[in-house]
Amino acid sequence: MATEAPPPPRNGTETDTGPVQPTTEQFIEVQESEEFGELRRTYRSFAFPLTIAFIAWYLLYVLLSNYAGDFMGTKVFGNVNVALVLGLGQFATTFLIAWLYSRHAANRLDPKADAIKHRMEADA
């Protein structure tokens with residue numbers, strides 16, 4: 001399958017379609033910088049705890065479904081039981097976490113990442 005796209009630019013060379021690309025050494029220098037380390041810590045301090053909490057919440061739901069059938073079958077109202085409420089809660093928490101991450105990324109991660117990106121583009 002052939003494409004009309006030009007080959008990717010080499011590091012440190014000017015292209016007709018855009019600015020000079022940073023070199024491998026520049027990428028390594030940024031990766032080892034304190035600023036990049038802070039960006040990674042900011043991401044990890046949000047993502048890891050929420051991931052662990054969600055996995056624990058999901059496993060609790062699965063374990064209750066397997067081993068606490070009487071509890072999960074308890075009617076909450078009408079034909080709605082605890083299992084259905086907790087199952088819908090899984091969807092709700094998924095969307096909640098996605099929304100929280102979106103806000104976190106926009107407020108804390110994106111500005112730091114943009115600053116690093118602009119600095120790399122300026123130095124290239």
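How close do the axes of helix α2 and α4 come, and at what angle do they cross? This is a predicted model, where local features need pLDDT of at least 70, side-chain atom pairs count only at pLDDT 80 or more, and totals for chains, interfaces and linings use all residues. Residues are numbered from 1 along each chain as its sequence is written, and side-chain values use heavy atoms, with hydrogens and water left out.

**View A. Helix α2 beside α4.** The axes of α2 (residues 34-67) and α4 come within 10 Å and cross at roughly 175°; axes are lines fitted to C-alpha atoms over the stretch in contact, with angles from 0 to 180 degrees between N-to-C directions. That makes α2 roughly antiparallel to α4 (the label for angles over 145 degrees). Their contact has 19 nonpolar, 7 polar and 5 charged residues.

**View B. Where α1 meets α4.** Here the axes come within 11 Å, crossing at roughly 150°. On the α1 side, Gln26, Phe27 and Val30 meet Ile116, Met120 and Asp123 of α4 (contact means heavy atoms within 4.5 Å). Sorted by class, that's 4 nonpolar, 1 polar and 1 charged residues.

**View C. The largest pocket.** This pocket holds about 170 Å³ of space. A pocket is an open set of points on a 1 Å grid over the protein atoms alone, where a 1.4 Å probe fits, with protein on both sides within 12 Å along at least five of seven lines; lining residues have an atom within 4 Å of a point. The lining includes Glu29, Ser33, Glu35 and Arg119, and α4 gives the largest share, 4 residues.

Key
Grid points are joined across faces, edges and corners, and a volume is the space filled by probe spheres set on the points. Helices (H or I, at least four residues) and strands (E, at least two) are DSSP runs, numbered from the N terminus. Ala, Val, Leu, Ile, Met, Phe, Trp, Tyr, Cys and Pro count as nonpolar, Asp, Glu, Lys and Arg as charged, and the others, Gly among them, as polar. Angles under 35 degrees count as roughly parallel, over 145 as roughly antiparallel, 65 to 115 as roughly perpendicular and the rest as oblique.
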